[in-house]
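Please have the sequence and the three-dimensional view at hand while reading.

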Amino acid sequence: MKVGVIRFPGSNCDRDVYHVLELAGAEPEYVWWDQKSLGHLDAVIIPGGFSYGDYLRAGAIAAITPVMDAVRDLVKEEKPVLGICNGAQILAEVGLVPGVFTVNEHPKFNCQWTELKVKTTRTPFTRLFRKDEVIRMPVAHAEGRYYHDNIQEVWDNDQVILQFHGENPNGSMDGITGVCDESGLVCAVMPHPERASEAILGSEDGFKFFRGIMKI
């Protein structure tokens with residue numbers, strides 16, 4: 001399975017994602033911001049980092065690059081797309097997932113391990129979990145607070161992927177820290193599954209996000 005790992009100026013988790021995809025049995029391929037066609041790929045992951053230095057706001061400049069038009073085309077082909085941290089912010093900026101990820105309730109960079117509940121298993125990235133399974137993954141962001149004008153609609157459509165379990169470190173509405181589009185194929189999560197994919201890192205819970213797409 002060929003999985004693209006999109007790179008923007010300022011991406012810094014691309015190699016981590018590439019490494020974990022190899023462990024999962026995929027064939028990862030780096031994709032640059034100016035690439036206009038992704039049709040040869042089976043899935044795409046937009047990794048974390050600080051694309052374009054997070055100028056204007058996180059993900060705003062990356063959202064208007066040529067590769068994001070190619071991602072939209074990939075979505076029309078019903079292929080899976082995962083945005084992690086900055087990648088999640090970019091997917092929200094282009095409107096591929098509902099709501100926005102904005103400045104933390106306490107406006108500072110927050111890096112810590114968190115406990116999370118998996119709220120839906122209908123996506124390619126969460127299908128190997130159990131509903132309401134509690135997992136451990138780290139967060140690392142300054143603009144990760146989830147907001148939506150009609151939060152009940154997100155719940156009603158089964159679009160919540162991850163919810164903080166216990167502490168809500170950034171003030172997200174209902175503790176939501178991961179959402180998907182209505183199809184479940186486009187997923188945006190603020191926690192970093194690639195940083196929780198090997199025992200030496202302190203958790204292997206995130207590995208299922210990458211193994212999940214191999215089961216399609």
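**Surroundings of Glu194**

Apart from residues up to four places away in sequence, Glu194 is in contact with Cys13, Asp16, Val17, Val20, Ile84, Leu201 and Phe210. The model is a predicted one.

**Annotated active site**

- An unreviewed UniProt entry places the annotation "active site" on Cys85, His192 and Glu194.
- These residues span 110 residues in sequence, yet no two of their C-alpha atoms are more than 11.0 Å apart, so they gather at one spot.
- From this set, Cys85 and His192 belong to the lining of the largest pocket.
- Glu194 is found in the loop between S11 and H5. With a relative accessibility of 3%, Glu194 counts as buried because the cut-off for that class is under 20%.
- His192 is located in the loop between strand S11 (186–189) and helix H5 (207–212). The relative accessible area of His192 is 2%, and the residue is buried.
- A polar contact of 2.7 Å joins the side chain of His192 to the side chain of Glu194.
- Leaving aside neighbours within four places in sequence, the residues in contact with His192 are Cys13, Gly48, Ile84, Cys85, Met137, Pro138 and Ala140. Cys85, one of these contacts, also carries the "active site" annotation in the UniProt record.

**Nonpolar core**

- In soluble globular proteins, nonpolar side chains tend to be buried together.
- The largest nonpolar core in this model comprises 61 residues. Those with the most contacts inside this core are Leu21, Leu38, Met68, Leu91, Leu162, Phe209 and Phe210.
- Helix H2 (residues 66–76) supplies the largest share of this core, namely five residues.
- Not counting residues up to four places away in sequence, Leu38 touches Val31, Val44, Val67, Ala70, Val71 and Leu74.
- Phe210, named among the core residues with the most contacts, is also one of the contacts of Glu194.

**Aromatic pairs**

- A pair of aromatic rings is described by the distance of the centres and the angle of the planes.
- The structure contains five aromatic pairs.
- The ring centres of Phe8 and Tyr52 are 6.3 Å apart and the ring planes stand at 55°, so this pair is tilted.
- Phe8 and Tyr52 link distant parts of the chain, being 44 residues apart. Phe8 is in the loop between strand S1 (2–7) and helix H1 (14–24), whereas Tyr52 is in the loop between strand S3 (43–46) and H2.
- Phe8 has a relative accessible area of 4% and is buried.
- Phe101 and Tyr146 also form a tilted aromatic pair, with 5.3 Å from centre to centre and 55° between the planes.
- Phe101 belongs to strand S5 (residues 100–102) and Tyr146 to strand S8 (residues 145–147), so the pair ties together parts that are 45 residues apart in sequence.

**Setting of Lys131**

- Lys131 is situated in the loop between strand S6 (110–118) and strand S7 (134–141).
- Lys131 is exposed, at a relative accessible area of 53%.
- In sequence, Lys131 and Val118 are 13 residues apart; in space, their C-alpha atoms are 5.7 Å apart.
- Beyond residues up to four places away in sequence, Lys131 touches Val118, Lys119 and Thr121.
- The side chain of Lys131 reaches the backbone oxygen of Lys119 at 2.7 Å.

Technical notes: Residues are numbered from 1 along each chain as its sequence is written. This is a predicted model: local features need pLDDT of at least 70, side-chain atom pairs count only at pLDDT 80 or more; totals for chains, interfaces and linings use all residues. Side-chain values use heavy atoms; hydrogens and water are left out. UniProt positions are given in the numbering used here, feature names are shortened, and annotations may be inferred rather than shown by experiment. On a 1 Å grid over the protein atoms alone, a cavity is a set of points where a 1.4 Å probe fits but cannot get out, and a pocket is an open set with protein on both sides within 12 Å along at least five of seven lines; lining residues have an atom within 4 Å of a point. Helices (H or I, at least four residues) and strands (E, at least two) are DSSP runs, numbered from the N terminus. Buried means under 20% relative accessible area, exposed over 50%, partly exposed in between (1.4 Å probe, protein chains only). Contact means heavy atoms within 4.5 Å. A polar contact is a pair of N or O atoms within 3.5 Å; within protein, one must be able to donate a hydrogen and the other to accept it, and residues adjacent in sequence count only if both atoms are side-chain atoms. A nonpolar core is a set of buried Ala, Val, Leu, Ile, Met, Phe, Trp, Tyr and Cys residues joined through side-chain atoms within 4.5 Å. Rings of Phe, Tyr and Trp (its six-membered ring) pair if their centres lie within 6.5 Å; planes under 30 degrees apart count as stacked, over 60 as edge-to-face and the rest as tilted.
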